[in-house]
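Thanks for coming, everyone. Let's take a quick walk through one structure. Please have a look at it first.

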Amino acid sequence: MGTPHSAQFSQIDSIDLVLRTAREKFLVRPEKETRLWVKNSQGSFERLCNTRVTVLDAALKSGQLVVMETRSKDGTWPSAQPQAGNKASKEDEDFQGQPGICGLTNLGNTCFMNSALQCLSNVPQLTEYFLKNRYLEELNFCNPLGMKGEIAEAYADLVKQAWSGHHRSIVPQVFKTKVGHFASQFLGYQQHDSQELLSFLLDGLHEDLNRVKKKEYVELCDAAGRPDHEVAQEAWQNHKRRNDSVIVDTFHGLFKSTLVCPDCGNVSVTFDPFCYLSVPLPVSHKRVMEVFFVSMDPRRKPEQHRLVVPKKGKISDLCVALAKHTGVSPERMMVADVFSHRFYKIYQLEESLSSILDRDDIFIYEVSGRSAICENSREDVVLPIYLRERTPARDYNNSYYGLMLFGHPLLVSVPRDRLSWDSLYHILLYRLSRYVTRPSSDDEDDGDEKDMAAKDSIPKPGHVAGGSSQNPGPEQAGPSSGVAGGSRAPVNNSPGPSHWPQRARRKHLFTLQTVNSNGTSDRSNFNEDTHGVSSSSQPYIAIDWEPEMKKRYYNEVEAEGYVKHDCVGYVLKKAPVRLRECIELFTTMETLEKENPWFCPSCKQHQLATKKLDLWKLPETLIIHLKRFSYTRFSREKLDTLVEFPIRDLDFSEFVKPQNESAPELYKYDLIAVSNHYGGLRDGHYTTFACNKDSGQWHYFDDNSVSPVTENQIESKAAYVLFYQRQDVARRAKPQPDLSDPPAPPACGQPPNSEFMDVN
């Protein structure tokens, strides 16, 4: 701290006069930035932020100590540097690099913030505005919609540090704290959206730097038949009467919104300001789903299929798509969601595919297809089958073994006239024959004779659909082990297990037990006399294995085995879309949704009007947000479609109404920055491509890492927010080189060396 000086001021003098006097007494150079602190009665220091207030308003007293602080050449304030960081700060001051080529430390899931800051930092006119301290004259400390200038000052500190050329990377901890203080959604260290942070930051900077100190009330007026140019000019002037800042000068444009009432034909034309364009991506109407097909033939392993189905299709469409690969009729299929060795849901044919998420394990089972068409016909009963293993654990009274589900469940259809425990045992034994070894005659204790006797008591099957009949032998019982085609789900009016013949008392590989949909026995419905549940309950059956029997006869490796159909190797190629197509979709006429009707002032009713947006006035810097994240009632997804966007000469002339043919450069833009998002909805990572305003070189910013890249690396499926600068603004801002100057640096995308990071 330097030698103190004394000075006298009137109570009506401004704090700005105090600051100018201090700069004169301490001989501070004009380009140096300074700020004042005052020592209060508690001995701590407080900032004198607003230099436009008087000494009286600032509550300064005679003899009070005022301290002036000078910003260091690396862009930091000495008071913001911790004592332990003085050595590191000295090293940073000695470092000299390219201004603007500075990384941002990830504080913990703050890559979204880093990406937005790097994009905004590389908007030339905004950065020059802060570097040349023009923001100091426009800080608005009394705006009730603002943040008392704190967001603007925190952002200015970041810009000055990043563009000082004395930092390889900086820690945006102060800025993060300020953002969390004024926007609670950004508190903590959860992952967020870079576009949401960017929207908040632009709005915060605008209100902190708003030149309008007292906003007047402005009544919005409809066109009422007046010429568009007159209404547009009035709307823009009204907007500027309340909003006038560097953010408005740089990023704000004007929409033309046209609403037409479907009943009375009333046309409403309004002009609304915008800060960025959120353009939709052309969405494919197809969807790729992976399923497992379980054949009725027990010798065939489950097959994995990759199917292309309509996005808004039904379960029946999934079956039709699978039928093309398997040759099995869709009527002989049933779809189920398997989770944790049990059926989470068994779908009906008319249900929507939107209820199935990409992460769900979907199994499609081949069924027998028998249906009741006359009194003598035979109908199959659907039986969901679970696999359980007894465990050594016992319950509180030490009388029951615990049972644990394992393996994949089955959907089995059994002929109605074969609903006996013994018949079901052999049907299931046949269905499991690929991975369950049949016991020898010694193991069965002469069970073959008993089996034949039991089978002789089973009535012969009647006619099936199609007019044919058959008499399955011991090994032909298996083809009925699917899900009934006639009744697409387990039926409640079929003879329940309580009406089945009692189980034979002989040695089997496993035992059968009625259970609920969770795979647990419901003792409240259990009948000790009939060993079954009431006929009104769902007939779920569990195959219970003793550990020794399972180890001896059950092949777990074979049971978990499956094969991949050739279609799994197919990749649905998503055709890239051009940015122009997204803008065309944005300006296409649409009908309002039921949740968002429009109140027609003519017929005095809420109407589902048609709406069309047109671009009327374009800003100096145009931000285009690609709406990659799609949210519906049942699903959320990220669209990883490749959007082809030009690096130079993006022409908006065909989208702007009206056109100024005498100034075509008003509609042409060059790319200056891109915010990228890699990954999915639950997790992901944000990075930035940006073109340095001084060198014209493109760089890749990945948190605190920065590396040069070429133009052909910029376009990728990760592009999320695009920053374009109007060409006339770029030429206006670029100084004219003197003939004696050395050659200009290479254009954007031509790095000085071959070292770059491949990010595709």
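One definition before the tour: two strands pair if DSSP finds at least two bridges between them. Keep in mind that this is a predicted model.

Start with a sheet. Three strands form it, in the order E2-E1-E3. The sheet is open, and its pairing is antiparallel. Which are the edge strands? They are E2, at 45-47, and E3, at 66-70. Each of these pairs on one side only. Neighbouring strands here are turned by 35° against each other on average, ignoring direction.

Now zoom in on E1, residues 34-39. Three bridges join E1 to E2. Take Val 38: its bridge partner in E2 is Glu 46. A helix comes in too. Helix H1, residues 15-25, lies across E1 and E3. H1 runs at about 110° to E1.

Arg 35 is worth a glance. Its charged end sits over the ring of Trp 77, 4.0 Å from the ring centre. Elsewhere, Lys 617 lies over the face of Trp 236, at 5.0 Å from the ring centre.

Next, the inside. The largest nonpolar core has 52 residues. Leu 120, Phe 130, Tyr 155 and Phe 723 touch the most other members. Which helix gives the most to this core? Helix H5, residues 150-162, with eight residues. Apart from this core lies another, of 44 residues, with Val 412 and Leu 512 among them.

Back to Tyr 155. Leaving out residues up to four places away in sequence, Tyr 155 touches Leu 117, Leu 120 and Ser 121, among others.

Last topic: aromatic rings. The count comes to 25 aromatic pairs. In one of them, Phe 186 and Phe 200 are 5.9 Å apart, centre to centre, with 50° between the planes. That pair is tilted. Phe 186 lies in the loop between helices H6 and H7, and Phe 200 in H7, so the pair ties together parts 14 residues apart in sequence. Both residues are buried.

Now compare Phe 343 and Tyr 365. Their ring centres are 6.0 Å apart and their planes at 75°, so this pair is edge-to-face. Phe 343 is in strand E12 and Tyr 365 in strand E13, 22 residues apart. Both are buried as well. They also belong to a cluster linked by ring pairs, including Phe 292, Tyr 386 and Tyr 562.

Conventions:
Residues are numbered from 1 along each chain as its sequence is written. This is a predicted model: local features need pLDDT of at least 70, side-chain atom pairs count only at pLDDT 80 or more; totals for chains, interfaces and linings use all residues. Side-chain values use heavy atoms; hydrogens and water are left out. A nonpolar core is a set of buried Ala, Val, Leu, Ile, Met, Phe, Trp, Tyr and Cys residues joined through side-chain atoms within 4.5 Å. Buried means under 20% relative accessible area, exposed over 50%, partly exposed in between (1.4 Å probe, protein chains only). Helices (H or I, at least four residues) and strands (E, at least two) are DSSP runs, numbered from the N terminus. Contact means heavy atoms within 4.5 Å. Axes are lines fitted to C-alpha atoms, for helices over the stretch in contact, and angles run from 0 to 180 degrees between N-to-C directions. Rings of Phe, Tyr and Trp (its six-membered ring) pair if their centres lie within 6.5 Å; planes under 30 degrees apart count as stacked, over 60 as edge-to-face and the rest as tilted. A charge sits over a ring if NZ of Lys or CZ of Arg is within 6 Å of the ring centre and within 35 degrees of the ring normal.
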